[in-house]
Amino acid sequence: MAPLTLVIGNKNYSSWSLRAWLLMKQLGLSFTEVLIPLDTPATRDALERASPSARVPVLKHGELTVWDSLAICEYVVELAGKGWPTDAGARAVARAVSAEMHSGFTNLRSLWPMNARARNRHTAMTPALEADIERIDQIWNDCRARFGAAGPWLFGQFSVADAMYAPVVLRFNTYGAGLVSPTARWYMATVLENAALQEWLQAAKRETWTIAADEVGQ
Ligand SMILES: N[C@@H](CCC(=O)N[C@@H](CS)C(=O)NCC(=O)O)C(=O)O
């Protein structure tokens with residue numbers, strides 16, 4: 001197989017990069033990682049050279065370029081032959097909650113930017129943010145109750161859905177773990193204890209870049 005290269009942004013801030021990276025690690029795919037620091041004078045040129053959308057993550061596989069986190073997730077699942085639930089009904093729900101994450105939760109994503117190394121940040125609660133948090137809590141409870149019997153992940157075994165929600169776990173860890181249900185906190189612990197996620201977090205802690213717009217909360 002041609003080598004895989006995943007181009008990502010800062011580990012502290014790039015939530016879309018984390019999704020593709022974590023899934024590839026969990027699937028056991030070996031890949032080279034290229035990091036483009038975001039929000040620097042050189043960022044725009046580097047992103048335009050690396051990605052047709054000028055966004056990360058972007059995956060290179062031989063002559064093929066795949067951009068957008070969800071498309072990368074679908075592609076690497078095909079390469080690995082695993083990553084979605086095997087049962088068709090569970091797989092459909094896993095795709096639904098992954099798509100809901102990919103296209104939604106705009107209030108949570110804008111008001112609580114991923115800041116992997118930050119802890120105990122407090123921001124003003126808004127009804128829209130509260131609604132996003134409640135919906136995510138409901139999704140995690142529903143998936144765990146209906147599909148989680150075979151393991152600690154949303155659908156038992158690790159799937160794309162867990163990769164899609166991993167940055168949300170980091171956001172809750174930064175801004176408001178106390179706001180979610182016991183099942184959601186239990187699921188957060190599963191994600192936070194994961195070795196690959198820990199590897200990402202340690203690297204985020206070592207980064208020295210700061211993006212002022214993503215440093216929110218007191
Ligand atoms: N829909 C895209 C979103 C990708 C995206 O917005 N990535 C951010 C970093 S997390 C980016 O590249 N921003 C460009 C910039 O900061 O200049 C995906 O799912 O991959």
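Hi everyone, a definition before we start: Ala, Val, Leu, Ile, Met, Phe, Trp, Tyr, Cys and Pro count as nonpolar, Asp, Glu, Lys and Arg as charged, and the others, Gly among them, as polar. What you see is a predicted model, where local features need pLDDT of at least 70, side-chain atom pairs count only at pLDDT 80 or more, and totals for chains, interfaces and linings use all residues. Residues are numbered from 1 along each chain as its sequence is written, and side-chain values use heavy atoms, with hydrogens and water left out.

Let's go to the ligand. Around the ligand (a heavy atom within 4 Å) we find Ser14, Ser15, Trp16, Leu38, Leu47, Arg55, Val56, Pro57, Asp68, Ser69 and His102. That shell splits into 5 nonpolar, 4 polar and 2 charged residues.

Now the polar contacts, meaning N or O pairs within 3.5 Å. Ser69 puts a polar side-chain atom 2.6 Å from a ligand oxygen. For Asp68, a side-chain N or O atom is 3.0 Å from a ligand nitrogen, and for Arg55 such an atom is 3.1 Å from a ligand oxygen.

Finally, the lining of the second largest pocket has 9 nonpolar, 7 polar and 2 charged residues. Thanks, everyone!

Terms used: A polar contact is a pair of N or O atoms within 3.5 Å; within protein, one must be able to donate a hydrogen and the other to accept it, and residues adjacent in sequence count only if both atoms are side-chain atoms.
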